[in-house]
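Welcome, and please have your viewer ready. We will go from stop to stop, and at each one you will hear what to select and what to look for.

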Amino acid sequence: MKRTLSFIMACAFLCMPSFAKKAKITKDLWPDGTEINSWFKDTATVNIANLGKQYRITDYGVVNDGRIHTKEMQALIDKVANEGGGVLVVPEGTYLTGALFFKQGVHLHLYAGGTLMGSNDPSDYPLLTTRIEGETCKYYSALINADKLDGFTISGKGCIDGNGYTFWKHFWERRSWNPKCTNKDEQRPRLVYVSNSRNVQIEGIHLQNSPFWTTHIYNSENVKLLRLHIYSPAAPVKAPSTDAIDLDVVKNVLVKNCYMSVNDDAVAIKGGKGPYADAFRTSYPGIDLSRFPEMQGDGGNENILIEDCEYGFCHGCLTLGSESVYDHNIVLRRIKVNKANNLLWLKMRPDTPQLYEFIAVEDIEGNGKNFILVAPWTQFYDLKGRESVPMSYSDHISMRNITFDCDVFFNVVSQDDQYRLSNFTFENINVTAKKTDFHPEYVKNFTTKNVSAVKK
């Protein structure tokens, strides 16, 4: 009987279509060899029919009249929450508002032609304790705020527009007389800020013209960003620090089928900065960490998958830093790039202990300035009294199956007294570059296979 059963199973396997055989024996793995679970395969569209009653905002005093309707919008959010949850529906038209704070069970859906437009008045964004540039501090709230929510969604084919031009103009005006002006000196609201939340999905919509970072996800897990169009201009006006997606102390994040073109990094991995920012992983006996309240809330990032996306201009397609402490299992794959400054950018802060490990960039085609950039990042350098520079590490970094046209192939600065690079793999790389210099000796254990860098 056992022989007969084994024969039947063997015949069934042989009769399977070839793709089924492959699916049966091939596992999708993270760079550390663990399996990417099925949660990352589910990209189903949000069905608002399953989310409760739908509340069309125009039925509740929100009018397409060019006036700010923050009070009406927030009152509606509160009403929906008090009635057990449901969906705020934005119909065709443009509706102005300041900061909105979503509550448990309240979702947002924007129909095609429907736009939530942010106020360009800073007073419409309350100052509160939040996370900015790797620190816990006072800063403006975002236009859309979602804190401590489970299952929050934003969906549809409409648009959330940050109306950022006035904020950008003020920033550059201030820079003109104070070249050291920072984002904290000229504060500007983000577009979407999700914090301390889980099971979040943002999909389908346009996110554009943010005054500052566009989509900031902090201290959250199980977050999907799907089929988004994220844009801010780099010319003729530069939209300063308008990162498309900032992932800041997160676990299990999927970014898929998105278009990103912004005047800063497309996907930036954050998490903290400072000489003891890795205290969540490392003990510092004798050090009173309460002296550094800005480091409260620092943490690592794990299991981030960015795939099947298209990039226009950006500073970095995948950037680790400048405020990042621990990153594990980060994958950028199957993307097309046009005019990015950097494909992979590892920002190494000399005042922060960093560990970037198991990072994979694969199946890429396109063009940019640097194929890979690894260099010290000294902006706002501050050891806060620590006498020694903390050592940092980038380990198990792989780049595979890439065709790229660029200015510089291997833009890596060796800095053994600040950071150490190890276990890099370049495989099936075809690069044309103005500068093709390659220094594998900068990395301990550098594996190369089928690497071609042709000077143009």
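## A tour of the strands and loops

Start with a pair of strands: β15 and strand β17 (residues 245-256) pair in the parallel sense over 10 bridges. Strands here are DSSP runs of E with at least two residues, helices are runs of H or I with at least four residues, and both are numbered from the N terminus. Two strands pair if DSSP finds at least two bridges between them.

Before moving on, a word about what is on your screen. This is a predicted model, in which local features need pLDDT of at least 70 and side-chain atom pairs count only at pLDDT 80 or more, while totals for chains, interfaces and linings use all residues. Residues are numbered from 1 along each chain as its sequence is written, and side-chain values use heavy atoms, with hydrogens and water left out.

**Stop 1**

Select residues 215-226, which are strand β15. Buried means under 20% relative accessible area, exposed means over 50%, and partly exposed lies in between (1.4 Å probe, protein chains only).

Within the pairing with β17, click leucine 225 and find its bridge partner, valine 255. Next, select residues 192-195: this is strand β12, which pairs with β15 in the parallel sense over 4 bridges. There, valine 194 has isoleucine 217 of β15 as its bridge partner. Finally, show strand β13 (residues 198-203), which also pairs with β15 in the parallel sense, over 5 bridges. Look for glutamine 201, which stands opposite lysine 224 in β15.

**Stop 2**

Most residues other than glycine have a negative phi, and most peptide bonds are trans. The next selections depart from that pattern.

Stay on β17 and pick valine 249, which lies in this strand. Valine 249 is not a glycine, yet its phi is positive, near 65°. At 11% relative accessibility, this valine counts as buried.

Jump to asparagine 401 in strand β25. Here phi is again positive, about 55°, although the residue is not a glycine. Is asparagine 401 buried or partly exposed? Asparagine 401 is partly exposed, with a relative accessible area of 35%.

Now for two peptide bonds:

- Select alanine 235 and proline 236, which are joined by a cis peptide bond with omega of about -5°. Proline 236 sits in the loop between β16 (229-231) and β17.
- Select glycine 321 and serine 322, where another cis peptide bond has omega of about 10°. Serine 322 is in the loop between β22 (314-320) and β23 (326-348).

**Stop 3: a buried loop residue**

Go to leucine 383, in the loop between β24 (355-376) and β25 (392-412). With a relative accessible area of 14%, leucine 383 is buried. Which residues does leucine 383 touch, not counting those up to four places away in sequence? They are Pro275, Pro350, Asp351, Ser388, Val389 and Pro390, where contact means heavy atoms within 4.5 Å.

**Stop 4: valine 89**

Select strand β2 (residues 86-90) and find valine 89 in it. At 2% relative accessibility, valine 89 counts as buried. Leaving aside residues up to four places away in sequence, valine 89 touches Gln54, Tyr55, Arg56, Ile57, His109 and Tyr111.

**Last stop: zoom out**

Show the whole protein, with its 4 helices and 27 strands. Its radius of gyration, taken over C-alpha atoms, is 23 Å, close to the 23 Å given by the globule rule for 456 residues, so the protein is as compact as a globular protein of that length. That rule is 2.2 Å times the number of residues to the power 0.38. Along the principal axes, the C-alpha atoms fill a box of roughly 70 × 65 × 50 Å. Colour by burial, and 54% of the 456 residues count as buried. Among contacts with a separation of 6 or more, 74% come from residues 24 or more positions apart.
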